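Colleague: I'm new to reading protein models. Could you walk me through this one?

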Amino acid sequence: MSSPAVPLIRPARLPDVPAILAIYNHYVRESTCTYQLEEETLAQRKSWLKNRKPEHAVLVAELGGVVAGWAALSPYSLRGAWRPTVEDAVYLRPDARRRGVGRVLLGELLAVAEKNGFRSVVARISAEQAGSLALHAALGFGEVGRMREVGWKFGQWLDVVYLQKMLENPAQRK
Ligand SMILES: CC(C)(COP(=O)(O)OP(=O)(O)OC[C@H]1O[C@@H](n2cnc3c(N)ncnc32)[C@H](O)[C@@H]1OP(=O)(O)O)[C@@H](O)C(=O)NCCC(=O)NCCS
């Protein structure tokens, strides 16, 4: 690990969207950590941030006053009975990785999920994404399933690992 960093974690605001978009589109172009194939537009990401329910939080991690990463809670499914369940996403600027920022950011996102009354957080991670799997395992996620060859990106089949973390003492929004 390079030198550890102490990020400032705060809710995302509209002016953060260009930084959030730039980080995400890097991985759309370069990585199997997202199965999205086409880069997103600024308008799409603005609408993503604006049209969320408040409990579906988006956090950013700042290093030296600049956004170095973001994390979000999104509905796992839009059908009503799935309401207690959310899915996480966490993306760091490539130069900010391996400095402990992902651990702090995802840890804070889990605390927000618990405070907002969710029962569990689910992550769907491409099986070859060792860093993301290690981060989620370090924060208490356990594997609950695996799907074979459900994705195709960069000329290869991709398996997906399903992970879940149950939250303690949630307010149990119904
Ligand atoms: C996955 C990601 C969020 C991890 O964040 P990070 O800041 O680099 O991770 P941290 O430095 O906080 O490390 C947290 C733990 O995960 C482990 N880890 C992180 N990256 C790793 C890697 N590439 N390989 C193996 N382990 C890794 C660390 O060893 C650490 O455990 P430790 O503290 O016990 O040593 C970041 O690398 C990233 O943005 N990757 C690309 C996007 C992505 O895959 N996002 C997830 C999609 S939901």
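Modeller: Helices (H or I, at least four residues) and strands (E, at least two) are DSSP runs, numbered from the N terminus. Here the protein chain has four helices and seven strands. This is a predicted model, where local features need pLDDT of at least 70, side-chain atom pairs count only at pLDDT 80 or more, and totals for chains, interfaces and linings use all residues. Residues are numbered from 1 along each chain as its sequence is written, and side-chain values use heavy atoms, with hydrogens and water left out.

Colleague: What pattern does the protein chain follow along the sequence?

Modeller: Reading along, you get β-α-α-β-β-β-α-β-α-β-β.

Colleague: How much of the protein chain do buried residues make up?

Modeller: Buried means under 20% relative accessible area, exposed over 50%, and partly exposed in between (1.4 Å probe, protein chains only). In this case, 43% of the 174 residues are buried.

Colleague: Let's zoom in on Arg10. Does Arg10 count as buried or exposed?

Modeller: Arg10 is in strand β1, residues 8-11. Its relative accessibility is 11%, so Arg10 counts as buried.

Colleague: Which side chains make a polar contact with the side chain of Arg10?

Modeller: A polar contact is a pair of N or O atoms within 3.5 Å; within protein, one must be able to donate a hydrogen and the other to accept it, and residues adjacent in sequence count only if both atoms are side-chain atoms. The Arg10 side chain has one with the side chain of Asp16 at 2.8 Å, and another with that of Glu62 at 2.7 Å.
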